[in-house]
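Please open the model in your viewer and keep the selection tool at hand.

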Amino acid sequence: MQKIPITEIFSSIQGEGPYVGVRQIFLRIPKCNLACPYCDTETKMSQQFRIESVPGSRDFNEMENPVPLDKLLELLHTYDFSMHHSLSITGGEPLLWADELQVLLPILKEKGLTIYLETNGTLPDQLLKVLPWVDIISMDIKLPFNGQAFWDVHESFLRYSLPKEVFVKIVVHEETISKDLQQACDLIARVDPSILTILQPVTKTKNINVPKPYQLLEWQNLFLKKLINVRVIPQTHVYIGQL
Ligand code: SF4
């Protein structure tokens, strides 16, 4: 039986993007192929993972990593999905585990779950492995950092995502460059100008500052010249003390 490492499993309120406020089960998987300067997530793989004893209780039990897929399914089935909008598969970058997810997700779909994938949008070939069982794709477009740019893989990823519900999220901060935003906007417009695009002001971390109000207005204008649906939505879970 295949195994997969887990970081944590818990019930919480989605804090980002157009589904902000819905209740979800979060399945967080470790490891990431990027190292974004504003990353606020623990991505390293531990010998143990934590799972809420009762969904939403914040009372966690610890279990051994990696976990066999049949055991993980058993654990997920103890959760009451009727009060949850969807299962959020998040990370790290969950598509690093596409081989394991392509075994897990069909079984979860058979149980009637809505699968919501949160991804950095840089692994298009891995997306294809799980695409049939994903309902909603929250895809990041990462603006260039540390001399790395991701335009080509992002464009492929977004094109592959089109058969599903997909929206794009772009984290912006005080030092964000308009030229990069224009490139992101052009990329989305080439694929489909009606794709919902979220500009997400960074939550202040380390030396990375929240954009000024005038910057957000200018940047939304920039996107609205080519795209139909552009919203500015901050990370709301941090304001209400949610995980
Ligand atoms: S893609 Fe996400 S998890 Fe990975 S480093 Fe960037 S912010 Fe962190």
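In which loop is Pro-66 found? Select Pro-66: this residue is in the loop between strand 5 (60-64) and strand 6 (67-68), where strands (E, at least two residues) and helices (H or I, at least four residues) are DSSP runs numbered from the N terminus. The peptide bond from Asn-65 to Pro-66 is cis, with omega near -15°.

The model is predicted, so local features need pLDDT of at least 70 and side-chain atom pairs count only at pLDDT 80 or more, whereas totals for chains, interfaces and linings use all residues. Residues are numbered from 1 along each chain as its sequence is written, and side-chain values use heavy atoms, with hydrogens and water left out.

Next, select Gly-91 and Gly-92, whose connecting peptide bond is cis, with omega near 15°. Gly-92 lies in the loop between strand 7 (86-90) and helix 2.

Then move to Lys-31, in the loop between strand 3 (23-28) and strand 4 (48-52). Lys-31 is not a glycine, yet its phi is positive, about 75°. Most residues other than glycine have a negative phi, and most peptide bonds are trans.

Now display the ligand. Its surroundings (a heavy atom within 4 Å) comprise Cys-32, Leu-34, Ala-35, Cys-36, Cys-39, Thr-43, Gly-92, Asn-120 and Lys-142.

Finally, select helix 1 (residues 69-77) and helix 2 (residues 98-110): their axes come within 11 Å and cross at roughly 35°. Axes are lines fitted to C-alpha atoms over the stretch in contact, and angles run from 0 to 180 degrees between N-to-C directions. Show Leu-69, Leu-72, Leu-73 and Leu-76 of helix 1, which meet Glu-100, Val-103, Leu-104, Ile-107 and Leu-108 of helix 2; contact means heavy atoms within 4.5 Å.
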